[in-house]
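Keep the sequence and the 3D view side by side as you read.

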Amino acid sequence: MWNDPVNLMTYVSYVFRSHFGFSRARAEELMLQVHHNGKAIVFTGSREEAEKHTHAMHGWGLQATFEKVDN
């Protein structure tokens with residue numbers, strides 16, 4: 001997830017809770033990482049799942065990308 005100047009922090013937290021099923025505390029923790037660091041990793045898993053979640057975040061109006069992590 002990437003920070004953007006458009007969406008409210010409360011909305012981002014709401015999306016994380018609604019889409020990923022995170023607890024309020026976890027959603028707010030991730031939202032604050034996005035806000036303070038400019039980005040946060042909110043999902044790790046298969047490429048197919050990452051593509052699905054990335055597309056879903058775009059549908060919510062959020063900026064998201066996925067990339068392969070080198071082991």
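**From helix to pocket**

S13 sits in helix α1. Helices here are DSSP runs of H or I with at least four residues, strands are runs of E with at least two, and both are numbered from the N terminus. This is a predicted model, in which local features need pLDDT of at least 70 and side-chain atom pairs count only at pLDDT 80 or more, while totals for chains, interfaces and linings use all residues. Residues are numbered from 1 along each chain as its sequence is written, and side-chain values use heavy atoms, with hydrogens and water left out.

Is S13 buried or exposed? S13 is buried, because its relative accessible area is 2%. The cut-offs are under 20% relative accessible area for buried, over 50% for exposed, and partly exposed in between, with a 1.4 Å probe and protein chains only. Which residues does S13 meet, leaving aside neighbours within four places in sequence? They are A27, E28 and M31. Contact here means heavy atoms within 4.5 Å.

Take two of those partners in turn. E28 belongs to helix α2. E28 counts as partly exposed because its relative accessibility is 33%. Along the chain, E28 and E48 are 20 residues apart, and their C-alpha atoms are separated by 26 Å.

M31 also lies in helix α2. Its relative accessibility is 10%, so M31 counts as buried. Not counting residues up to four places away in sequence, M31 touches M9, V12, S13 and F16. M31 and H19 are 12 residues apart along the chain, with 14 Å between their C-alpha atoms.

Now turn to the core. A nonpolar core is a set of buried Ala, Val, Leu, Ile, Met, Phe, Trp, Tyr and Cys residues joined through side-chain atoms within 4.5 Å. The largest one has 15 residues. Those with the most contacts inside it are M1, V12, F16, F20, V42, M57 and L62. Three helices each supply at least two residues of this core: α1 (9-20), α2 (24-37) and α3 (47-59). What does M57 touch, not counting residues up to four places away in sequence? The list is M1, V15, H19, F20, L62 and A64.

T54 is in helix α3. At 9% relative accessibility, T54 counts as buried. Leaving aside neighbours within four places in sequence, T54 contacts A64, T65 and F66.

The pocket comes next. A pocket is found on a 1 Å grid over the protein atoms alone: it is an open set of points where a 1.4 Å probe fits, with protein on both sides within 12 Å along at least five of seven lines, and lining residues have an atom within 4 Å of a point. The largest pocket has a volume of about 590 Å³. That volume is the space filled by probe spheres set on the grid points, which are joined across faces, edges and corners. The lining has 22 residues, and I41, F43, T65, F66 and E67 lie nearest the pocket centre. Helix α3 gives the most to this lining, with 5 residues. By type, the lining divides into 12 nonpolar, 6 polar and 4 charged residues. Nonpolar covers Ala, Val, Leu, Ile, Met, Phe, Trp, Tyr, Cys and Pro, charged covers Asp, Glu, Lys and Arg, and the others, Gly among them, are polar.

P5 counts as exposed because its relative accessibility is 82%. V6, at 66%, also counts as exposed. P5 and H35 are 30 residues apart in sequence and 9.7 Å apart in space, C-alpha to C-alpha. V6 and L62 are 56 residues apart in sequence, yet 8.9 Å apart in space, again C-alpha to C-alpha.

Last, the record. An unreviewed UniProt entry annotates residues 1-59 as "domain: Adaptor protein ClpS core". Over that range the chain is 66% helix and 0% strand, with the end C-alpha atoms 13 Å apart.

Notes. UniProt positions are given in the numbering used here, feature names are shortened, and annotations may be inferred rather than shown by experiment.
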